[in-house]
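This briefing is meant to be read with the structure open beside it. Please look at the sequence and the fold before turning to the points below.

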Amino acid sequence: MSKVCDVTGKKPQFGKRLSHSHRRSNRRWNPNVQTKRYYLPSEKRWIKLNLSTKAVKTIDKRGIESVVAEMRRNGRRV
C-alpha cells in the first residue's frame, strides 16, 4: 500500500537521523494512513480510500459526498 493520502495528499517526508555522536543517516517519517470504506448513497456503491487520520476527521465533519465532489474537481478518479 502506498503511504499517500487520497484526500489531503500527505506523503512521507525525509530527513536525517542524528545519533548521540552526531553521525547523520537518512530516515523517513510516514504519515498515519489507514484504508477506509465509505458508502456513496448517490451512486449506491462502496468506495475504498487510503486516508490520513486528518482526512478521516474532515470526512466526518463535511461528509463523504462533499469530499468526493472536491476530489473529482481536482482531477482525482474515485
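This is a predicted model: local features need pLDDT of at least 70, side-chain atom pairs count only at pLDDT 80 or more; totals for chains, interfaces and linings use all residues.

**Helix α1 against helix α2**

- Two packed helices are described by the angle between their axes and the distance between the axes.
- Here the axes of helix α1, residues 53-62, and helix α2, residues 64-73, come within 6 Å and cross at roughly 115°.
- On the α1 side the contact is made by T58, I59 and R62, which meet I64, S66, V67 and E70 in α2.
- Sorted by class, this contact of α1 with α2 has three nonpolar, two polar and two charged residues.

**Salt bridges**

- Side chains of opposite charge can pair when their charged atoms come close.
- The structure holds three salt bridges, and one of them joins the side chains of R62 and E70 at 2.6 Å, N to O.
- R62 is partly exposed, with a relative accessible area of 40%, and E70 also counts as partly exposed, at 30%.
- Salt bridges that share partners join E43, R45 and R72 into one network.

**Inside the network**

- The side chains of E43 and R45 meet at 2.6 Å, N to O, and those of R72 and E43 meet at 2.8 Å, N to O.
- Because R72 lies in helix α2 while E43 lies in the loop between β3 (33-40) and β4 (45-52), their pair ties together parts that are 29 residues apart in sequence.
- E43 counts as partly exposed at 33% relative accessibility, R45 is partly exposed at 30%, and R72 is partly exposed at 37%.

Conventions: Residues are numbered from 1 along each chain as its sequence is written. Side-chain values use heavy atoms; hydrogens and water are left out. Axes are lines fitted to C-alpha atoms, for helices over the stretch in contact, and angles run from 0 to 180 degrees between N-to-C directions. Helices (H or I, at least four residues) and strands (E, at least two) are DSSP runs, numbered from the N terminus. Contact means heavy atoms within 4.5 Å. Ala, Val, Leu, Ile, Met, Phe, Trp, Tyr, Cys and Pro count as nonpolar, Asp, Glu, Lys and Arg as charged, and the others, Gly among them, as polar. A salt bridge is a side-chain nitrogen of Lys or Arg within 4 Å of a carboxyl oxygen of Asp or Glu. Buried means under 20% relative accessible area, exposed over 50%, partly exposed in between (1.4 Å probe, protein chains only).
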